[in-house]
Amino acid sequence: QLQLVESGGGLVQPGGSLRLSCAASGFSLDNYSIGWFRQAPGKEREGVSCISSSGGATNSADSVKGRFTISRDNAENTVYLSMDSLKPEDTAVYYCAAANMGTPRSYFCTTEDGAYGAWGQGTLVTVSS
């Protein structure tokens with residue numbers, strides 16, 4: 001059974017940092033591009049960042065460029081989202097999702113949520129003083 005589990009969320013002060021993890025079980029992430037998404041209260045879900053199955057390509061929303069970094073460790077079957085210089089507007093439930101590219105050598109990923117078939121349950125990030 002394909003399962004994604006996010007962890008690493010919590011309460012952090014503005015300007016602080018967190019690292020979220022997305023661990024896969026029941027399947028290998030090698031052929032999958034991974035996206036991170038977030039949903040704030042009363043708002044629609046938005047794409048934050050993504051990484052291709054090769055790890056050689058990433059995309060990020062303008063709102064997080066220069067502050068968030070996505071990376072993957074296929075040996076650990078885990079994808080990470082490192083978040084620096086956090087702002088109150090980054091407060092949201094963060095989800096990771098996987099899209100099967102059929103190859104570990106793809107250089108494509110998207111932050112469009114319709115491309116993803118497997119989703120985690122989310123982890124809450126709260127940025128507040």
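1. Serine 53 is placed in the loop between S5 and strand S6 (58-60); helices (H or I, at least four residues) and strands (E, at least two) are DSSP runs, numbered from the N terminus. This is a predicted model, in which local features need pLDDT of at least 70 and side-chain atom pairs count only at pLDDT 80 or more, while totals for chains, interfaces and linings use all residues. Residues are numbered from 1 along each chain as its sequence is written, and side-chain values use heavy atoms, with hydrogens and water left out.

2. The relative accessible area of serine 53 is 2%, which makes this residue buried (buried is under 20% relative accessible area, exposed over 50%, partly exposed in between, with a 1.4 Å probe and protein chains only). Its side chain has a polar atom 2.8 Å from the backbone oxygen of threonine 103, and the side chain of serine 53 also reaches the backbone nitrogen of serine 106 at 3.1 Å. For a polar contact, a pair of N or O atoms must lie within 3.5 Å; within protein, one must be able to donate a hydrogen and the other to accept it, and residues adjacent in sequence count only if both atoms are side-chain atoms.

3. Residues touched by serine 53, leaving aside those up to four places away in sequence, include Asp30, Asn31, Tyr32, Ser33, Arg72 and Met101. Contact here means heavy atoms within 4.5 Å.

4. Serine 33 belongs to strand S4 and is buried, at 2% relative accessible area. Among the residues that serine 33 touches, again not counting those up to four places away in sequence, are Ile51, Ser53, Arg72, Ala98, Phe108, Cys109 and Tyr116.

5. Five salt bridges are found in a search of the whole structure, a salt bridge being a side-chain nitrogen of Lys or Arg within 4 Å of a carboxyl oxygen of Asp or Glu. One of them pairs arginine 45 with aspartate 113, with the closest N and O atoms 3.2 Å apart. Arginine 45 is in the loop between strand S4 (32-39) and strand S5 (46-51), and aspartate 113 is in the loop between strand S9 (92-100) and strand S10 (118-119), so the pair ties together parts that are 68 residues apart in sequence. Arginine 45 is partly exposed at 35% relative accessibility, and aspartate 113 is partly exposed at 29%.

6. Lysine 65 and aspartate 62 form another salt bridge, the closest N and O atoms being 3.2 Å apart. Aspartate 62 is exposed, at 63% relative accessibility.

7. Glutamate 46 and arginine 38 are also joined by a salt bridge, with 2.6 Å between the closest N and O atoms. Arginine 38 is buried at 6% relative accessibility, whereas glutamate 46 is partly exposed at 33%. Through salt bridges that share partners, Arg38, Glu46, Arg67 and Asp90 form one network.

8. An open sheet is made of four strands in the order S1-S3-S8-S7, with antiparallel pairing; two strands pair if DSSP finds at least two bridges between them. Strand S1 (3-7) and strand S7 (68-73) are at the edges with a single partner strand each, so one side of each has no neighbour in the sheet. On average, neighbouring strands of this sheet are turned by 15 degrees against each other, direction ignored; axes are lines fitted to C-alpha atoms, for helices over the stretch in contact, and angles run from 0 to 180 degrees between N-to-C directions.

9. S1 and strand S3 (residues 18-25) run antiparallel and are joined by five bridges. Valine 5 has alanine 23 in S3 as its bridge partner.
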